[in-house]
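Thanks for coming. Please look at it first.

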Amino acid sequence: MANIKEIKRLSGGDLQVAAQANVQIDAEIGQKDHFRMETSRFPPVHGRSTSPLSNPRDIMDQIDTEKLPRHIAIIMDGNGRWAKKRGLKRVLGHQKGVDAVREVVRTTNRLGIPWLTLYAFSEENWSRPRHEVQALMNLLRRFLRSERPEMIRNGIRLQTIGRTDKLPEATRDELAATILATAENSDLVLTLALSYGGRQEIVDAARAISHGVETGALRTADISEEFFAKYLYVPEMPDPDLLIRTSGEYRISNFLLWQIAYSEIYITPTLWPDFTAEEYFAAIRDFQRRERRFGGTNESN
């Protein structure tokens with residue numbers, strides 16, 4: 001969950017001051033005035049168009065609004081490979097991936113889907129080079145700061161899952177400020193998985209339950225699937241109906257292991273920075289063509 005200590009401190013202080021975290025962009029990112037980099041700087045590879053869908057409503061007409069997933073989760077993969085194909089440094093792939101995040105969040109909100117979870121930084125990502133981790137934290141802070149007004153305006157509420165206490169203090173401050181500023185919104189719950197791992201979430205839940213048993217507050221006889229789920233990071237979050245993974249990799253990468261037991265999985269070879277609204281609609285249309293049985297059959301009684 002979000003760092004509760006930071007949220008409590010911010011709620012009693014000056015949010016404007018809290019939001020003014022120092023930004024020291026790593027040299028690989030370039031000048032700070034160019035955070036929103038023009039697409040023209042990154043030409044397509046092998047003829048693929050990287051421009052956003054010009055008129056999303058043309059494809060929205062093909063979506064059955066009565067059969068939309070309630071919760072979509074996305075493993076955003078391929079930023080590094082996108083940059084490598086263009087002879088760029090990895091951090092520029094992450095930076096370009098921010099555009100895809102913005103497009104997906106806006107599209108999800110436009111469709112009226114109430115839950116979206118993005119795998120932004122895994123527990124395992126801490127093993128990456130220090131400069132890359134620092135750049136990712138800086139990008140996250142700048143994204144939160146730049147997108148906060150739009151989130152407030154469009155009814156988007158931010159929350160996090162993961163061991164966010166491990167994030168740098170300035171990043172935690174920016175997260176806490178955004179969580180507080182959007183707390184009353186209800187159109188879309190945007191969950192960022194940060195310093196997150198599915199196994200770690202299960203272990204943390206098991207530890208909390210074990211502590212309750214040791215102190216006598218809980219009984220082992222009380223433990224069931226429903227009971228265990230109450231100890232996950234955000235117990236009120238519904239299980240994802242659709243899990244999307246970009247870059248063509250056929251693995252889950254320790255993401256929402258408990259929650260995706262019956263999620264439909266859609267894998268696209270598209271690298272995350274190239275993931276447009278059109279690609280997103282294709283995933284949703286594919287989901288709508290599937291028959292979900294949850295272990296049962298489609299035969300009527």
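What you see is a predicted model, in which local features need pLDDT of at least 70 and side-chain atom pairs count only at pLDDT 80 or more, while totals for chains, interfaces and linings use all residues. Residues are numbered from 1 along each chain as its sequence is written, and side-chain values use heavy atoms, with hydrogens and water left out.

Which strand pairs with S6? Strand S5, residues 242-245, does so in the parallel sense, over 4 bridges; two strands pair if DSSP finds at least two bridges between them. Arginine 245 has isoleucine 267 of S6 as its bridge partner.

Now the core. A nonpolar core is a set of buried Ala, Val, Leu, Ile, Met, Phe, Trp, Tyr and Cys residues joined through side-chain atoms within 4.5 Å. Buried means under 20% relative accessible area, exposed over 50%, and partly exposed in between, with a 1.4 Å probe and protein chains only. The largest nonpolar core has 41 residues, and among those with the most contacts inside it are Ile74, Leu118, Leu190 and Tyr280. Helix H6 gives the most to this core, with 7 residues. Tyrosine 280 touches Ile72, Ile74, Val104, Thr107, Thr108, Leu116, Ile244 and Phe275, leaving aside residues up to four places away in sequence. Contact means heavy atoms within 4.5 Å. Another core, of 15 residues, lies apart from the largest one and includes Ala73 and Val189.

Staying with H6, proline 149 lies in this helix. Is proline 149 buried or partly exposed? Proline 149 is partly exposed, with a relative accessible area of 46%. Its C-alpha atom is 9.1 Å from that of alanine 181, which is 32 residues away along the chain.

Next, empty space. Rolling a probe the size of a water molecule over the atoms shows where empty space is left. The search uses a 1 Å grid over the protein atoms alone: a cavity is a set of points where a 1.4 Å probe fits but cannot get out, a pocket is an open set with protein on both sides within 12 Å along at least five of seven lines, and lining residues have an atom within 4 Å of a point. Grid points are joined across faces, edges and corners, and a volume is the space filled by probe spheres set on the points.

How many cavities of 30 Å³ or more are there? The whole structure has 2. The largest cavity has a volume of about 90 Å³, and its lining includes Arg102, Phe143, Glu147 and Leu190. H6 gives the most to that lining, with 4 residues.

The largest pocket holds about 750 Å³ of space. It is lined by 32 residues, with Met76, Asn79, Tyr119, Ala120 and Asn125 nearest its centre. The second largest pocket holds about 330 Å³. Of its 20 lining residues, those closest to its centre include Trp258 and Gln259. Helix H9, residues 225-229, provides the largest share of that lining, 3 residues.

Conventions:
Helix = DSSP H or I, 4+ residues; strand = E, 2+ residues; numbered from the N terminus.
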